[in-house]
Amino acid sequence: MFPSRSTPALIYLTGVALILLGVALAAPGVWLIVLGDSSYYAVAGALMVASGILIALGRRAGLWVYAAMLAYTLIWALSRVGLDGWRLLPPLALPSGIGLWVFGPWVGGRMNDPSGRIRVNRAVLGGMGGCAALFACMFACGWAITASRTIQHNPFPADRVGGALTNAESLANNEWRYMGGTSAGDRFGVATQITAKNAHNLKPAWIFHTGDLPRPGENARGREFSFEATPLKVGDNLVFCTPHRDVVALDATTGKQVWRYSPHGNYGQNIYQACRGVSYFEAPAGLLCPHRIISTDSGSPPTLFALDADTGRLCPAFGTDGIVDLRQGMGTIPAGFHFITSPPMVMNNRIMLSGWVYDNQTVDEPSGVIRGFDATTGQLAWGWDMGHTPANRPLNPGEIFTRGTPNGWGVYTADPGLNMVYVPLGIATPDYYGVKRRAFDERYDTSLVALDITTGEERWHFQSVHHDLWDFDLPVGPSLVDLPDGSGRMTPALVQTTKQGELFVLNRRTGKPFYRVEERPVPGGTIANERYSLTQPYSPDMPNLRRPDPSTDDLWGITPFDQMACRIAFKRMNFQGLFTPPSLQGTIGFPAFDGVDDWYGATIDPTRGVLYVNTTYIPFTMQLVPREKALKEGLFKPWDGWNQPYPEPPFANNPQHGLPYAAVIKPWLGFLGAPCLAPPWGRTQAIDLVHHRVIWERALGTTRNVGPTNTLRMPVGLPTGIFSMGGTLTTPTGLVFMGATADQAFRVLDGRNGHILYETALDAGGNATPMTYMGQDGRQYVVLAVGGHGGLKTRNGDEIVAFALPQQGK
C-alpha cells in the first residue's frame, strides 16, 4: 500500500501507525480467543487496522471506523466493568488519546477540508470533543467509584466492652515501652488531647535527621533498605534504631539528640537493612545500669547488646562487656543468612528472640530456634528447639540447635500475668517445595506457639496453614484483647492476623478457638511426590481481609496492550483461588508472600473491641523450575555447600539448593510495569471484634509519588487506593493515625467511619507504625519514622517526625 499523491505524509504516517497498533492488538487478541477469553481485543484491533488503511489512503471513512472502534470499546468496557472509572482506563485512555490526534486539525481537520488544509471544523470539534468526554467520564467515574468504596457496613460500638489493658503500667506513666505500646501489641495510646474536632490543626512540631541513608547497592537487585522503627518512650526520651542499627535517644519534647550508640556492624551481605525497634528492661534495684535498652546488631556476627538508657553506653555486666554473640549453639552461619530485624520481647527477666533467615536458598540453613536469655546477665536461659525432645532441653556438649527449623522473625507479644510469650513462626526453608520437611517441621510450620517465659516450655500451639507452600508464615505476633464470651464473661483472647487475610481469634490461655475455626477443602497440585494438604483452616465467624478472587475483568494495565497481556497470562497460568499451589506452568499467588497484612499487624482499641488494619493487594507469580533447567537458564549459579562462598542469586530466583526444583517468585506486573490487578490496591478496615463484623472499609491512598525510582514517580494523585507497608495507632478519642501508604502521606482518620480528618505529604515513605505520648510542654505528640521502604519503593529518607497541635497562643 502506498499513499496517493494527494495524501499528505502526516496523514499517511498516521494511518500506518494505526495499522501497526491494530495488528499488535488483533494478533494476540486472536490468541486470547483461543484461550477462551473475550473477542474484544481482536475485533478492536481489526477495526484499528481498517481505520489505518483507509486513513493512509486518504479516505474520510477511516475516521468513522476509528469512531466506531471507540464506541465499540466504550460499550464493551461498560458491559464488563460498569462505571468503575479506574477499570475503564486501560481500554479507553490510550485509544482516546490517539483519537485526539486522529480527529485533530492535522489529520481529521485536514481530511474534512475540501482544500486539504489544517483546519478546526465541526468534524474536529466533534471528534476531539468526544475523546475529551471519554477522558472526563473515566476520571469522574474513577473519583465516584473511590468515594463509593468508603462503606459504613455497621454502626460503631456505642458501649465499651470492659476489656482491661494488658501490661498497661507504662502507658499510665506516659511511656511507650514496647513497639506495640504494651506487650499486648494493641498499638493503643492513652493520650486524648488530639480529637476529631482539632486533628485538622496538626503540624510537624519537630523533625530529627538520623543521617542513616542507603549505601551503594542496598536498594538494588532485590535488596531493601527500610526505616520501619517505632520509637519507645522511656522517661523523657524517645529511643529507636536506624536501619544500620545505630540506637538513638532524643528528647521527647524537643527532638534534640541525647545520645547515640553505633555498633559498626558489617552489613554487606544482608538482603534487608531494617530495624523495627528496640526493647526496654528495668533491672533489679541496686544493679548497675538499672534502665536498659536491649537491641541487636544485624551485622556479621549477629549480636545482642544492652545499653544504659540514660547514657547510651554498653552495660558491662551484661554478656561480655555488654554484648552477647548470637552464634552460640548455632553452627555455621554464613554472613547474611541469619540476623534479627524485629525488637526482642523483654518480659519477666527474659529476652526472647529468634531471627530472620535467608529464605529459599538451600536446605540446612541456620536454626529457627527461639531463645530466651536472662535479661540481667545475658546468659542463655533456654532454647525452644522443635527438633529436640523436650524442645526446651539444654544443648549437650558440642551439640547445636536443629538446622533449618521454622523461625520466628516478627514482633512477639506477651501476657505477663499468664507468663506466656506468643511467637509467630515461619516455615522450614525452602518454602515452595515441602517434600523433605521433617515431622516436627510439618507440625509447627506457620504456627503460633505460646511458650512459658521463664522456662521456654510449650504451653500450646495453633497452626494457621498446613504444609505451607506459599510462604504464608506468621509475620507478627497476635494482639491480645479481652472479649466477652456467649455469657458475657470477659475472656483473655488474642487476634492473629495472617498473610492470607484470615483473622483467627483464640483463647490465649489455651490456644483453643474463641471463634470457630473450620477446615475447608483446597486445591491440590501436580508436582511429583509433593504432599498437598487436602484442607486448610478458615475462621468463618470473622470477616476475612481478602479481596474476592480476580476474574479476567479484574485485570488491569496502563494500555489495552499490557492489559491484554495480563489476561493472556491469567488464562495460561494456574489459579484456583486461595491456596493454589506452585506449579511448573506458573501459579498466580493471591494473596502473595507479603500478604494481605504483614509485619505491622493490626491495631486494637481494647476498650471498644474494635480492630483497625491496613490491607494490601499485590498478586505474585510462582513458578517451579526443574533444577537442571534452572541452571541451564542461568537463574542461579552452582553451589556445593558451606565450604565455599555463597553465590547470591537475583532476588526473584530462589535456588532451593538440595531440592529438585528452584522457584521464581515475582510481582505480577504487565510489561509496562503496572499491576495486572485493577485498583483498589489497598484498603483500611475497622472490625467489631465483639459482633465479629466489618464496621467500615475504605480504599485509601493515591498514585502520587508511586514509581520504581525517585526520577520516575507519578506526579498526580489518582485516588485509586494504594498499597501500603506499615501499621496504625489508635487512641481513646477514636482516631486512627497512619503513614504506611505508598503515596508517602500521613493521615488521621475518624475511627468511627473512616473519614480523613487530616493528611499531609511526607518527604519520604512513612512505612512504619506511629506511637504517641504527652510531652513536657503539655502537648500530645504522634511520632513516625519517615525513611521509606525498599520493597514498596517509596523514597528513602532519615527523618523522625513528631506531629502535634500548635502551642497555646501560637
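I took a salt bridge to be a side-chain nitrogen of Lys or Arg within 4 Å of a carboxyl oxygen of Asp or Glu. I note that the model is predicted, that local features need pLDDT of at least 70 and side-chain atom pairs pLDDT 80 or more, and that totals for chains, interfaces and linings use all residues. Residues are numbered from 1 along each chain as its sequence is written, and side-chain values use heavy atoms, with hydrogens and water left out.

**Entry 1: salt bridges.** I searched the whole structure and found 35 salt bridges. I looked up Arg-177 and Glu-282, whose side chains meet at 3.3 Å, N to O. This pair links distant parts of the chain, 105 residues apart: Arg-177 is in the loop between α7 (169-172) and β2 (203-209), and Glu-282 is in strand β9 (residues 279-282). I read helices (H or I, at least four residues) and strands (E, at least two) as DSSP runs, numbered from the N terminus. Arg-177 is partly exposed at 22% relative accessible area, and Glu-282 is partly exposed at 43%. For these classes, buried means under 20% relative accessible area, exposed over 50%, and partly exposed in between (1.4 Å probe, protein chains only).

I next looked up Arg-531, which forms a salt bridge with Glu-442, the closest N and O atoms being 2.9 Å apart. Here Arg-531 is in the loop between β26 (518-521) and β27 (535-538), while Glu-442 is in helix α8 (residues 439-444), 89 residues apart. I also recorded a network of salt bridges that links Asp-37, Arg-80, Asp-553 and Arg-567.

**Entry 2: aromatic rings.** I counted 39 aromatic pairs in the whole structure. The rule pairs rings of Phe, Tyr and Trp (its six-membered ring) with centres within 6.5 Å; planes under 30 degrees apart are stacked, over 60 edge-to-face, and the rest tilted. Because Tyr-272 lies in strand β8 (residues 272-273) and Trp-356 in strand β16 (residues 356-357), the pair ties together parts 84 residues apart in sequence. Trp-356 is buried, at 9% relative accessible area. Both residues belong to one aromatic cluster, whose members include Phe-337, Trp-639 and Tyr-646.

**Entry 3: an open sheet.** I traced four strands in the order β28-β31-β33-β32, with antiparallel pairing. The edges are β28 (587-589) and β32 (653-654); each has a single partner strand, so one side of each is left without a neighbour in the sheet. Strands pair if DSSP finds at least two bridges between them, and two bridges join β32 to β33 (residues 661-667). I found Asn-654 opposite Ala-663 in β33.
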